[in-house]
Structure formats: C-alpha cells, structure tokens
Amino acid sequence: MGGVEDVEPVSIERIIFLGPPGAGKGTQAGRLAAERRIVRVSTGDMLRDAIAEGTPVGRQAAPHIDKGDLVPDDLLIDMVGERIRQSDCANGYILDGFPRTLRQAQGLEAMGGGPPSGFLVFDVEVPREELLKRLSGRRWCPTCQSTYHVDKNPPTRAGLCNLDSTPLIQREDDKKVAVARRLAEYDERTKPLIGYYRDRSRFHTIDGYRPADVVFGDLVTILEAGR
Ligand code: AMP
C-alpha cells in the first residue's frame, strides 16, 4: 500500500475564454474562478492595473488600448508567461482575454501552457448588434474594475460602484471609434483561433446571448462532465 496508485489524481483545469469584446467573457470567467477556486488571469485587468501603476508595461500598452488596438504580442506573452509560472497557477488557471492572436497561442504552448489538447476552450458567441449595445452602455469602476451596464446591470446608486462607491466612468476603449477598432481586430486576428482550437482542444461554442446565469450553468455542466 501507499504506492502511487493510491494518490487521488488532481484535476488540473486550464481554461481559455475566446469570444469578441462584450461577449461576457470577463463576467463568466470571474464567476467561474470564484465558484471553482481557479485562478483567473485577465490580461485586460493586468494591463489596466499596469497603466494605473505607471509601470513600463503600462506605459507601452496604454496608447494601443485607448485606440482599441491589440497590444504587441511579445509584451503579452512575457506578461502571461510570468503569471502562469507563479505557484498559485500550478493547479490550473482561467485565461480571460488571452490568447488573442495565433502567435500568442503558440507562445502560450512554448511558455509552459503545454499543447492545446490540455485546454478546455469556451468560445462565447453573441450577435454583433448586441455586442455594440453592451459595449456602449458599459460603465467601469477604476478602483476595483467591476463593470456595470446603464440599462441591464445598473449600480444601486446611480453612477457609483456598489463595492467601493467610486464614481463609474466609460472606459476610453468602450467609446465608439475604439469599439469599432476592437471588433475589427477581433475579426482579423482573434477569430482564426476558433479554427485553431476547435480541432486541437476540448472546444465548446457557448451561446452568450442568454441571461448570464443560464450561460454560467452551461459552463459548469461542461466542466463537471469533464468534456
Ligand atoms: P479586455 O478588457 O480583455 O477587452 O482588454 C482590453 C484591451 O487590452 C484590449 O482591447 C487590448 O488593447 C488589450 N489586450 C488585452 N488582452 C490582450 C491580448 N491578449 N493581446 C493584445 N492586447 C490585449
């Protein structure tokens, strides 16, 4: 007794959220992370934190983000590589907003993420018209990065974050010109990842045009079924 066969296998979940801006990746990834106790790695949040702190990464990323362009691949690959090598990611992690290009996907494999077959990939799909409504009505707390929507998810007190009462703002990249640019970047550079992962990973298309709770239920069902 006491051999390796007695040891409970630890299930290591590495999850990727694909999908256009406004599809609800952040909301779903955040909830999954909290309820399943898996570390969430949101590159958008990391970059915005870096900007707020005025780090060299933040200074390099800011002009790209404000315009709605993707930040250069090398910067992202280094940033995520460093993050997923930290000990809290040893039992898995949820990537929210990364990879967004084929180079980043290949970078992820090389930096220790391993082959795509080891990933569970959720591609969250939402019609374009709905994305535009979601993004233009989105409001953001610069202190804790919570997001709201003026109609669909307003804060309890108008214009103030429920968690820390910070006045909410519209992110520069949620303004009209930047939104158009982000969607174009998605179509051109991120969408090809669907074909890449569909054939290589445990891949699931998720209809994101439903209430958030229903979408979340689907994710949990897939996760629990180990599909
Ligand atoms: P998000 O909050 O995920 O929509 O990210 C906000 C912005 O951060 C994006 O519009 C990009 O400018 C930048 N960004 C986040 N993740 C990436 C990534 N993987 N590659 C390039 N740029 C990124």
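Select Asp174 and Arg138. They form a salt bridge, with the closest N and O atoms 3.1 Å apart. Asp174 sits in the loop between β6 (147–149) and α7 (176–190), and Arg138 in strand β5 (residues 138–140), so the pair ties together parts that are 36 residues apart in sequence. Both Asp174 and Arg138 are buried. Keep in mind that this is a predicted model.

Next, select Glu130 and Arg134. Their side chains meet in a salt bridge at 3.0 Å, N to O. Where do the two lie? They are four residues apart in helix α6 (residues 128–136), so about one helical turn separates them. Glu130 counts as buried at 8% relative accessibility. Arg134 counts as buried too, at 17%.

Now go to Glu172 and Lys175. Here the side chains form a salt bridge of 3.3 Å, N to O. Buried or partly exposed? Glu172 is partly exposed, with a relative accessible area of 42%. Lys175 is also partly exposed, at 34%.

Then select a group: Lys67, Asp69, Asp73, Asp74, Arg103, Arg181, Glu185 and Arg189. A network of salt bridges links them. The structure as a whole holds 25 salt bridges.

Last stop: the second largest pocket. Select Arg48, Ile51, Ala52, Trp140 and Arg171, which lie nearest its centre among the 15 lining residues. The space in this pocket is about 280 Å³. Which helix gives the most to the lining? Colour α2, which supplies four residues. Then show α2 (43–53) together with α3 (56–67); each supplies at least two residues of the lining. Colour the lining by class to find six nonpolar, three polar and six charged residues.

Definitions and conventions
Residues are numbered from 1 along each chain as its sequence is written. This is a predicted model: local features need pLDDT of at least 70, side-chain atom pairs count only at pLDDT 80 or more; totals for chains, interfaces and linings use all residues. Side-chain values use heavy atoms; hydrogens and water are left out. On a 1 Å grid over the protein atoms alone, a cavity is a set of points where a 1.4 Å probe fits but cannot get out, and a pocket is an open set with protein on both sides within 12 Å along at least five of seven lines; lining residues have an atom within 4 Å of a point. Grid points are joined across faces, edges and corners, and a volume is the space filled by probe spheres set on the points. Ala, Val, Leu, Ile, Met, Phe, Trp, Tyr, Cys and Pro count as nonpolar, Asp, Glu, Lys and Arg as charged, and the others, Gly among them, as polar. A salt bridge is a side-chain nitrogen of Lys or Arg within 4 Å of a carboxyl oxygen of Asp or Glu. Buried means under 20% relative accessible area, exposed over 50%, partly exposed in between (1.4 Å probe, protein chains only).
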